[in-house]
Amino acid sequence: QVQLVESGGGLVQPGGSLRLSCAAFGNIQRISEMHWYRQGPGMQREWVASMTSGGSTNYADFAKGRFAISGGNPEKSGYLQMNSLKPEDTAVYSCNVQGIEYSGHYRPFNSWGQGTQVTVSS
């Protein structure tokens, strides 16, 4: 099965930047879309950003102008660049990747990583 591993989180001051990585492992034939979500303490999971295989991107209102999602099918990895971070950005950020895998037969996959902690505090 396809496994995802996020990295790049940590403690950063307000106004600072972080670049999160989402690495995918497995017999991946094609990645069709990638999404980033976040969940703060005691909060419901919310959508952050998305990218399709064609390169189209979309962002939640709070992320527009501050965050940038990137990635590609060949590299089988994705990124979330976060700038001008605010305390309310504190959350566990998780990557969701969907596509096609092949291990004797073709089948779709929809995988989640364990998440990486982002803490914005002075």
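Predicted model: local features only at pLDDT ≥ 70, side-chain atom pairs only at ≥ 80, totals over all residues.
Local features need pLDDT of at least 70 and side-chain atom pairs count only at pLDDT 80 or more, while totals for chains, interfaces and linings use all residues. Residues are numbered from 1 along each chain as its sequence is written, and side-chain values use heavy atoms, with hydrogens and water left out.

**View 1. The disulfide between cysteine 22 and cysteine 95.** A search of the whole structure finds one disulfide, defined as a pair of cysteine sulfur atoms within 2.5 Å. Here the sulfur atoms of cysteine 22 and cysteine 95 sit 2.2 Å apart. Cysteine 22 belongs to strand β3 (residues 18-25) and cysteine 95 to strand β9 (residues 91-102), so the bond ties together parts 73 residues apart in sequence. Strands are DSSP runs (E, at least two residues), numbered from the N terminus. The S-S torsion is about -85°, so this disulfide is left-handed. Cysteine 22 is buried at 2% relative accessibility, and cysteine 95 is buried at 0%; buried means under 20% relative accessible area, exposed over 50%, and partly exposed in between (1.4 Å probe, protein chains only).

**View 2. Leucine 80 and the largest nonpolar core.** This core has 28 residues, of which Trp36, Leu80, Met82 and Tyr93 touch the most other members. A nonpolar core is a set of buried Ala, Val, Leu, Ile, Met, Phe, Trp, Tyr and Cys residues joined through side-chain atoms within 4.5 Å. Beyond its neighbours within four places in sequence, leucine 80 is in contact (heavy atoms within 4.5 Å) with residues including Trp36, Val48, Phe67 and Tyr93.

**View 3. Serine 50 in strand β5.** Serine 50 is buried, with a relative accessible area of 12%. Its side chain makes polar contacts with the side chains of histidine 35 (2.6 Å) and tryptophan 47 (2.6 Å). A polar contact is a pair of N or O atoms within 3.5 Å; within protein, one must be able to donate a hydrogen and the other to accept it, and residues adjacent in sequence count only if both atoms are side-chain atoms.

**View 4. Arginine 38 with glutamate 46 and aspartate 89.** In a salt bridge, a side-chain nitrogen of Lys or Arg lies within 4 Å of a carboxyl oxygen of Asp or Glu; the count comes to five. The closest N and O atoms are 2.7 Å apart for glutamate 46 and arginine 38, and 2.8 Å apart for arginine 38 and aspartate 89. Arginine 38 and aspartate 89 are both buried, whereas glutamate 46 is partly exposed at 33%.

**View 5. Arginine 107 and glutamate 101.** Their salt bridge has its closest N and O atoms 3.2 Å apart. Arginine 107 is partly exposed at 34%, while glutamate 101 is buried at 6%.

Note on methods: Helix = DSSP H or I, 4+ residues; strand = E, 2+ residues; numbered from the N terminus.
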